[in-house]
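Good morning. Please have a look at the structure on the screen, and I will go through some of its contacts.

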Amino acid sequence: KLIAGGVLLGMTLFCCKGFFTLEPNQAAVMVFFGKYAGTLCESGFFWVNPFYSRTRVSLRINNWNTPVLKVNDERGSPIEIAAVVAWRVHNTARAVFDVESTLNYLQIQSESAVRQVASRHAYDVVEVMDTKQRKKSLRTDWNAIAGLLRESIQQHVEVAGIVIEEAKIAHLAYAPEIANAMLRRQQAEAVVMARQKLVDGAVGMV
C-alpha cells in the first residue's frame, strides 16, 4: 500500500506539471520531444501533456528606437538618421525556431532597412515646376517615407514571424561636417527658385 501510494502521488505530481496559465497577449509554443506540437494563444488556465516543453512568447506591441545612423543620401550627402519601429510577434513558431533572438534580429534588420531607404532618397529635393516629376524627399515627405520604411523593414523581418505596425523617422539631420554648407546651399536654391518664379510670372503677363 505504501508503494502504491507513493507511485500514485508521483503520478499526480507529474500530471500537475501540465497545468499553467497564460496572460492576455501571451502565447505558449509546445514542443514534444523535439517536435513542434502547436501554439496556444488564448489567455486562461490550461492543462497540456506534461511531456510538452513550453516556451512563452509575448504578443504585445513593442517599440524599438534605432541608433543614429550615418548614411549617404541619394545625392551623396552624408546625413544622420534614426527611426522608431513598433512591432509585434505574429507567427510564434517562426519567432521561436527560425531565428536565435527575435529582438536582436529585428534590430539588425531595421538598421539595414533604414540605410536602404535613406540611400534611395535625397534629404531635400529642389522644387520643380512640374509636381509630377518631383521625387520624394526624406525631409518633406514624412508619411510617404514612413510607408516605404515600414514596407522595407517588414520584408527584412518576415522570416522571423514579426509584423511591423508602424515605422517613422525619429531623427533626421545633415552630418555636422556639412551642415553649414548644406544650409547655405538650401538658401541659394530657394533664392534661385524664387527668381525663376518671378521671371516666369513676368513672361506670362507679357
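**Salt bridges, rings and a sheet**

Glu23 forms a salt bridge with Arg60, and the closest N and O atoms of the two are 3.3 Å apart. Glu23 sits in the loop between β1 (19-22) and β2, while Arg60 sits in the loop between β5 and β6 (62-65), so this pair ties together parts that are 37 residues apart in sequence. Before I go further, note that this is a predicted model.

Are these two residues buried or exposed, or something in between? Glu23 has 45% relative accessibility, so Glu23 counts as partly exposed. Arg60 has 35%, and Arg60 counts as partly exposed too.

How many salt bridges does the structure hold? The answer is 4. I will take up two others here.

One of them joins Asp124 and Arg139, with the closest N and O atoms 2.8 Å apart. Asp124 lies in the loop between α3 (102-119) and α4, and Arg139 lies in the loop between α3 and α4 as well, so the pair ties together parts that are 15 residues apart in sequence. The partners can be looked up one by one. Asp124 counts as buried because its relative accessibility is 13%, and the cut-off for buried is under 20%. Arg139, at 38%, counts as partly exposed.

Another salt bridge is formed by the side chains of Lys168 and Glu166, at 3.4 Å from N to O. Lys168 has a relative accessible area of 40% and is therefore partly exposed. Glu166 has 41%, so Glu166 is partly exposed.

In the open sheet, 3 strands follow the order β3-β2-β5, and their pairing is antiparallel. Which strands are at the edges? They are β3 (35-40) and β5 (52-58), and each of these pairs on one side only. From one strand to the next, the twist averages 25°.

Strand β2, residues 26-32, runs antiparallel to β5, and 7 bridges join the two. If you want a place to look on the screen, find Ala27, which stands opposite Val57 in β5.

Now the aromatic rings. A pair of aromatic rings is described by the distance of the centres and the angle of the planes. A search of the whole structure finds 8 aromatic pairs. In one of these pairs, the rings of Phe32 and Phe33 have their centres 4.7 Å apart and their planes at 70°, so the pair is edge-to-face. The cut-off behind that word is an angle over 60 degrees. Phe32 has a relative accessible area of 33%, so Phe32 is partly exposed. Phe33 has 65%, so Phe33 is exposed.

A second example is Tyr36 with Phe97. Their ring centres are 5.7 Å apart and the planes are at 75°, so this pair is edge-to-face as well. Where do the two residues lie? Tyr36 is in strand β3 and Phe97 is in helix α2 (residues 92-97), so the pair ties together parts that are 61 residues apart in sequence. Tyr36 is partly exposed because its relative accessible area is 39%. Phe97, at 41% relative accessibility, counts as partly exposed.

Ring pairs can also join up. Here they link Phe32, Phe33, Phe51 and Tyr52 into a cluster.

The last stop is a helix. His156 is found in helix α4, which covers residues 142-157. Ser152 lies in helix α4 too. What does the side chain of His156 reach? It reaches the backbone oxygen of Ser152, at 2.7 Å.

Is His156 buried or exposed? His156 has 19% relative accessibility, so His156 counts as buried. The cut-off is under 20%. Ser152 is buried because its relative accessible area is 7%.

For Ser152, not counting residues up to four places away in sequence, they are Ala113, Gln116 and Val117.

Definitions and conventions: Residues numbered from 1 in each chain as written. Predicted model: local features only at pLDDT ≥ 70, side-chain atom pairs only at ≥ 80, totals over all residues. Heavy atoms only, no water. Pairing = 2+ DSSP bridges. Helix = DSSP H or I, 4+ residues; strand = E, 2+ residues; numbered from the N terminus. Axes fitted to C-alpha atoms, helices over the stretch in contact; angles between N-to-C directions. Buried < 20%, exposed > 50% of the residue type's maximum accessible area, 1.4 Å probe, protein only. Polar contact = N/O pair within 3.5 Å; in protein donor to acceptor, adjacent residues only side chain to side chain. Phe/Tyr/Trp six-rings, centres within 6.5 Å; stacked < 30°, edge-to-face > 60°. Contact = heavy atoms within 4.5 Å.
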